[in-house]
Amino acid sequence: MASGLLLSGAVAALVAAAVPAHNPSGGFVDPPPDKIVIDVATVNGSGCPAGTAAVAVSEDNTAFTVTYSDYLAQVGGNSDPTAFRKNCQLNLIVHVPSGFTYAIAEADYRGFASLQSGASAVQRASYYFQGSSQTAFKTHTFTGAYNDNWQATDTTDWAQLVWAPCGVQRNFNINTELRVSAGSSSPSKVSFMTMDSTDGDISTVYHMAWQECPGK
């Protein structure tokens, strides 16, 4: 267990379908049959205090899930002045079978938002490998009045996928952020956005694309 991130416990069921990788010959590379192991190097951020996040890998090696239980940003009323923005950075060590590389082709985020009329919220994520200058950024905006579950999907085109370097172990970083702005809403009324739930954990599912390394 690293930095308080739980690698076991109540992890929501994975619902991701396979995201096969395309290769130049026009076919697809199936996910490697060998087991994928994801270790957590570090977890940092106001949105994921120690013991409030968990990671699990799907049985078919096509996705992994991060589950949060205390990821909430809010403004208005008696909210803490710093609570308008919460973030969480996961630094993951992904052990993949020899001869394969992977990229995050799609990510599904879910939560709940209650935004007053005039308020707004942003969910943002970035993905990059340690030591790489390539970073993929995705942003989703929500406006009030809004009081419902929310879902956002980041999809990356094949040409823009950021692949893990072959033959070198590089940690994979996922940095997510929730930000809520009061805008023109009444300062006495609270607006908030979560990547968690009072009656259960909300999961973020990351779909993995696979490619054979050169010379395999």
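Visitor: How many aromatic pairs does the structure hold?

Guide: A pair of aromatic rings is described by the distance of the centres and the angle of the planes. Rings of Phe, Tyr and Trp (its six-membered ring) pair if their centres lie within 6.5 Å; planes under 30 degrees apart are stacked, over 60 edge-to-face, the rest tilted. The structure holds 11 such pairs. Y102 and F129 are edge-to-face, 5.6 Å centre to centre with 70° between the planes. Y102 sits in strand β8 and F129 in strand β9, 27 residues apart. Strands here are DSSP runs (E, at least two residues), numbered from the N terminus.

Guide: This is a predicted model: local features need pLDDT of at least 70, side-chain atom pairs count only at pLDDT 80 or more, and totals for chains, interfaces and linings use all residues. Residues are numbered from 1 along each chain as its sequence is written, and side-chain values use heavy atoms, without hydrogens and water.

Visitor: Is Y102 buried or exposed?

Guide: Buried means under 20% relative accessible area, exposed over 50%, partly exposed in between (1.4 Å probe, protein chains only). Y102 is buried at 3%. F129 is buried too, at 1%.

Visitor: Which residues form one aromatic cluster?

Guide: F64, Y109, Y127 and Y206.

Note on methods
Helices (H or I, at least four residues) and strands (E, at least two) are DSSP runs, numbered from the N terminus.
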